[in-house]
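The entries below follow the order in which I checked them.

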Amino acid sequence: MRSGALGRAAAVAAAVLVGVSGCGSSGITKARLDHAVAPTFANLYVIQQSLRGRKVTAASLNSKADCSRGDAQTADSGAGNDWTCTVTWFNTGPNIAVNAQYQVHVQTNGCYTADGDGPVDLNGQQLITAADGATVTNPLWEFDGCFDTT
């Protein structure tokens, strides 16, 4: 009977080790989120501007995202609904930097939802008026994406 108890104990220990091995560092990092949000934003900005009758390219925007999580004491890694991303891009013409804010919910699998906080005419409202006068969904109001966490 003693050897059976030892076998069960060894099996339990092995199961615990397997379970704990997945609790290491998160594949969700600031850098990965920054690199995921910026191009998604740029592509959707192109669509939004097209709806408004303007032509821009994602490459011309030179968009960058700067994401952080919670307050200064919270590490910029891991899943959660307390991420904030500031996206910066450059409009053509005077080449002036423009910013937009997003509250971001990041799931453990690397998928996220970014909810626009403004400016109002860019991402602060769900519907916008297209160049032809139609009311359409604003592609920058809220958007989803995913990134590799490995």
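Which residue does a disulfide join to Cys111? I noted, keeping in mind that this is a predicted model, that the partner is Cys146, with an S to S distance of 2.0 Å.

**Entry on Cys111 and Cys146.** I then placed the two residues and found Cys111 in strand β4 (residues 111-118) and Cys146 in strand β7 (residues 142-146), so that the pair links distant parts of the chain, 35 residues apart. I looked up the torsion about the S-S bond of Cys111 and Cys146, which is about 100 degrees, and I therefore recorded this disulfide as right-handed.

**Entry on Cys67 and Cys85.** The structure holds two disulfides, and I turned next to the one that joins Cys67 to Cys85, where the S to S distance is 2.1 Å. I found Cys67 in strand β1 (residues 64-69) and Cys85 in strand β2 (residues 80-90), so this pair ties together parts that are 18 residues apart in sequence.

**Entry on the pattern.** Counting the bonded cysteines along the chain, I wrote the disulfide pattern of the protein chain as 1-2, 3-4.

**Entry on the backbone.** Before going through the backbone I reminded myself that most residues other than glycine have a negative phi, and that most peptide bonds are trans. Where is a peptide bond cis? I found the one from Gly118 to Pro119 to be cis, with omega near 15 degrees. I located Pro119 in the loop between β4 and α4 (120-123), and I noted that β4 is the strand that holds Cys111.

Asn62 was my last stop, and I recorded for it a positive phi of about 50 degrees, although Asn62 is not a glycine. I found Asn62 in the loop between α3 (58-61) and β1, and β1 is the strand in which Cys67 lies. At 40% relative accessibility, I listed Asn62 as partly exposed.

Methods
Residues are numbered from 1 along each chain as its sequence is written. This is a predicted model: local features need pLDDT of at least 70, side-chain atom pairs count only at pLDDT 80 or more; totals for chains, interfaces and linings use all residues. Side-chain values use heavy atoms; hydrogens and water are left out. A disulfide is a pair of cysteine sulfur atoms within 2.5 Å. Helices (H or I, at least four residues) and strands (E, at least two) are DSSP runs, numbered from the N terminus. Buried means under 20% relative accessible area, exposed over 50%, partly exposed in between (1.4 Å probe, protein chains only).
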